[in-house]
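Open the model in your viewer and get your selection tool ready.

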Amino acid sequence: MFIIGLTKAQDKIFWSENRKLVWEDFQSKNQPNTSKAAATTFCGISYLLNSPTKKFSSKEVKIESFFVPSKSWAHSDHKTDLVLMHEQSHFDIAELFARRFRKLISDKILDAKTLQKHYTNIYEAYKDFQQDYETVTNHGRIREKQLEYSEKINQEIEKLSDFKI
């Protein structure tokens, strides 16, 4: 399961190819009693504009994918490698769409309204991809589909290596 939203910067792990999630990253104690999920990954994409002018280049926009430990949890009975792979892939999807966003605005002169429009479009595609991922893998329960999807996501991230930070 994935959740998207806003949080404080100090409570974020930013995506890095050298740092994969570990079970200790899932720190929320607020696990819903009604949830049948093995874990919940709270991740997303953010951007920060650092420009004093109305028109700016993509170089003045910082786009990041993040994971929030304090809002992510795992059921103690379901901490398996496959479940962790599933949750890592949610985080990887956030990075994939952050890179797509960086590519989309690269070498463009923008204004705040146009930037927000691009973000909204990327964000909607991101949410749809996350939902498709959950459906196809049945929340990570279909092992072969999970392995296939994780590989697909990793390949797509690699294809966009020019847009990593």
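Start by selecting Ser 150. Leaving out residues up to four places away in sequence, Ser 150 touches Met 85 and Ser 89; contact means heavy atoms within 4.5 Å. This is a predicted model: local features need pLDDT of at least 70, side-chain atom pairs count only at pLDDT 80 or more, and totals for chains, interfaces and linings use all residues. Residues are numbered from 1 along each chain as its sequence is written, and side-chain values use heavy atoms, with hydrogens and water left out.

Is Ser 150 buried or exposed? Ser 150 counts as buried, because its relative accessibility is 7% (buried means under 20% relative accessible area, with a 1.4 Å probe and protein chains only).

Now show side chains. The side chain of Ser 150 makes a polar contact with the side chain of Ser 89, at 2.7 Å. Another polar contact joins the side chains of Ser 150 and Gln 146, at 2.9 Å. A polar contact is a pair of N or O atoms within 3.5 Å; within protein, one must be able to donate a hydrogen and the other to accept it, and residues adjacent in sequence count only if both atoms are side-chain atoms.

Zoom out. Ser 150 lies in helix H3 (helices are DSSP runs of H or I, at least four residues, numbered from the N terminus).

Next, select helix H2, residues 112-137, and helix H3, residues 143-159. Their axes come within 9 Å and cross at roughly 150° (axes are lines fitted to C-alpha atoms over the stretch in contact, and angles run from 0 to 180 degrees between N-to-C directions). H2 is therefore roughly antiparallel to H3 (angles over 145 degrees count as such).

Last, colour the contact residues. From H2, pick Phe 129, Asp 132, Tyr 133, Val 136 and Thr 137. From H3, pick Lys 145, Gln 146, Tyr 149 and Ile 153.

How values were computed: Helix = DSSP H or I, 4+ residues; strand = E, 2+ residues; numbered from the N terminus. Parallel < 35°, antiparallel > 145°, perpendicular 65-115°, else oblique. Buried < 20%, exposed > 50% of the residue type's maximum accessible area, 1.4 Å probe, protein only.
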